[in-house]
Amino acid sequence: MQDLKKKPTFRSHLWVIYLLSILLLFGIWYFQWILGLIMTLLLAASFYYSIRSEIILQNEAEKYITTLSHRIKKVGEEALLEMPFGIVLYNEDYKVEWTNPYMNQFAEDDTLVGKSLHSLGDELIPMIKEDKEEIWFELEGYKFQTTVKKEERLLYLFDRTSQVELQTLYYNDQTVLAIIFLDNYEEITQNMDDTTKSQLNSQVTSVLNEWSKSYGLYLKRTSQERFLAVGSKEILKKLEKVKFDILDEVRELNGEQNNPVTLSIGVGAGNVELPVLGQLAQSSLDLALGRGGDQVAIKDETGKVRFYGGKTNPMEKRTRVRARVISHALKELVKVSDNVIIMGHKSPDMDSLGAAIGILNIAKANGVEGHIVFDPDDVDTGVYRLVEAIKEDEDVWQYFIDPDHAEAITGNRSLVVIVDTHKPSMVAHEPLLHLSEYKVVIDHHRRAEEFIENPTLVYMEPYASSASELITELLEYQPKALKLKMLEATALLAGIIVDTKSFTLRTGSRTFDAASYLRAKGADTVLVQQFMKEDLDIYVKRSKLVERSEVYRGHIAISKAEEGQAYGPVLIAQAADTLLTMSGIDASFVISERKDDRIGISARSLGNVNVQVIMEKMNGGGHLTNAATQIEDTTIEDAANLLKDILDEYYEGREPE
């Protein structure tokens with residue numbers, strides 16, 4: 001079939017045929033001129049017919065090409081003007097030069113020509129300047145995927161509203177599992193009679209049922225103190241928007257005996273299978289309980305965790321059973337170890353050193369060699385008097401080794417004990433964590449997202465005043481051969497006194513029990529005061545920090561140190577404590593530069609403000625009343641502005657800018 005899309009020409013094979021025919025014709029003329037005449041006439045007729053056919057075919061092809069060009073041009077115009085997507089041409093000043101008719105529906109006066117691209121979206125021009133080839137933005141309820149041709153100054157806008165709505169529907173319908181736990185139910189009901197206990201159960205169940213119905217959750221009680229809730233991502237968004245106010249509702253159920261009930265909720269969310277979702281929910285609940293309860297932990301498939309609540313101090317447990325069990329387990333681990341390597345956190349304080357000395361005595365009581373990892377270049381002024389006293393006592397100082405020596409003697413069967421921290425990035429020498437299979441974590445801080453991997457034994461009690469208190473309790477259940485020296489007992493007592501601000505903060509009955517035990521072992525309270533003495537220049541520096549404070553939101557003190565002036569973490573913590581003693585101040589934050597070129601923030605509160613969750617938003621952590629953080633690549637002023645944004649979000653519920 002003839003291809004009309006190509007302009008036809010007199011084909012070469014015809015020229016060859018006619019050329020051969022003429023040559024044969026000469027031969028015929030030579031031998032028979034009559035036959036040659038006849039053949040000449042026939043050849044001329046054939047040639048005429050071929051020429052005429054070629055001309056007709058060429059005319060038809062030209063006519064077809066002309067018609068096709070017209071149709072293509074018309075289709076192009078139709079496509080340009082009628083396609084269901086937007087086309088925008090703009091000039092160097094980001095003003096619209098031309099649009100196809102599709103875009104007129106977004107113009108107030110039927111045309112966008114001459115208007116700035118800001119009329120389509122405030123974020124459009126900045127994104128174009130960032131050389132982004134694809135931009136997503138919203139315009140009058142439509143979600144547009146925009147392709148940018150920067151060299152041509154051309155935008156293609158594709159309506160993806162239906163796609164986004166479908167994705168949103170799919171995301172919102174994803175299943176969410178929540179495990180709800182009455183984290184102090186056993187403690188507050190053990191002395192109740194059946195009637196009071198039944199009334200409390202009824203109140204709690206009624207409040208939770210009403211809450212679940214109002215949000216569309218499926219709720220099932222699985223035991224006296226545990227519930228299972230099933231919902232969706234959309235419901236979870238609503239609960240996060242009100243910051244799980246069910247925690248406050250349940251906490252207000254004081255009952256006749258004035259026994260406050262608190263909830264802990266572990267939530268598993270994400271596009272994963274239901275068994276994995278259940279594991280995420282249980283892991284979240286463990287994390288919430290490890291942080292002291294009365295809060296919500298939400299974990300997705302990426303492992304990212306969000307927290308809500310945590311407005312109360314955790315309730316002190318009324319039994320020593322766990323301390324005895326942990327002490328026995330630690331004793332068995334020590335006995336089967338080649339040696340015990342003990343370390344606290346970087347820039348150790350009184351509590352960290354005292355707790356380490358306590359673990360050293362547990363190792364000695366069980367006949368196992370123990371050593372405390374101590375970096376002499378990382379000693380803060382707040383503990384140097386204690387360190388000097390330890391150096392004078394050769395029987396104690398001989399067990400202190402530097403990090404390099406610790407690495408040399410740590411083997412696969414060594415027991416590494418971490419005290420007063422649970423974050424790998426905060427330990428005195430992180431490489432030691434990878435040299436042994438056996439690790440023990442003993443800490444009194446609320447559990448953070450960062451945690452030491454695969455610990456053999458964990459003893460975390462956020463209700464405790466200090467790590468020294470926890471380890472003092474463990475010492476009581478160790479072999480009778482244990483004999484604390486006066487200096488060792490004093491170091492443990494100093495850790496308790498410093499962390500409780502002389503028994504004024506986070507102090508429970510067991511704190512006094514531990515102090516009493518240490519006093520009976522020879523702890524010297526006068527020596528503790530000697531350790532806690534400070535130099536005059538440090539007092540002056542702290543006073544300057546207090547002087548530079550400002551009051552924010554009526555009851556929050558924020559102090560910003562001078563630019564270029566570095567302060568130690570203990571000094572700014574002391575300044576925050578001092579600010580907290582001022583009239584009308586519920587929380588204090590002290591911001592300063594550190595010697596490691598980071599910005600340090602120390603936070604304190606009386607309990608009405610949860611400084612832990614505020615510091616966690618700045619990659620820090622701690623307790624409800626005592627927390628801190630260190631920030632890299634920023635300035636004091638920027639850190640202060642970020643802190644104020646987070647405080648605004650904490651009180652008003654808005655996201656920080």
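Two strands are taken to pair if DSSP finds at least two bridges between them. The analysis below concerns a predicted model.

Strand 20 (residues 587-593) and strand 21 pair in the antiparallel sense, over seven bridges. Alanine 587 has serine 605, in strand 21, as its bridge partner. The two strands form a hairpin with five residues between them. In this hairpin, aspartate 597 adopts a positive phi near 70°. Strand 21 is also joined to strand 23 (residues 626-631).

Strand 21 (residues 599-605) is largely enclosed by the rest of the structure, because seven of its seven residues are buried. In a regular strand, side chains alternate between the two faces of the sheet. Both faces of strand 21 are covered. Ile599, Ile601, Ala603 and Ser605 are buried on one side. Gly600, Ser602 and Arg604 are buried on the other.

The largest nonpolar core holds 58 residues. Leu330, Val340, Ile359, Ile442 and Leu518 touch the most other members of this core. Helix 11 (residues 350-365) gives the most to the core, with ten residues. Not counting residues up to four places away in sequence, isoleucine 359 touches Leu330, Val340, Ile342, Val417, Val419, Ile442 and Ile471. Another core, of 36 residues, lies apart from the largest one. Its members include Val546, Ile556, Leu571 and Leu647.

Key:
Residues numbered from 1 in each chain as written. Predicted model: local features only at pLDDT ≥ 70, side-chain atom pairs only at ≥ 80, totals over all residues. Heavy atoms only, no water. Core = buried A, V, L, I, M, F, W, Y, C linked by side-chain atoms within 4.5 Å. Buried < 20%, exposed > 50% of the residue type's maximum accessible area, 1.4 Å probe, protein only. Helix = DSSP H or I, 4+ residues; strand = E, 2+ residues; numbered from the N terminus. Contact = heavy atoms within 4.5 Å.
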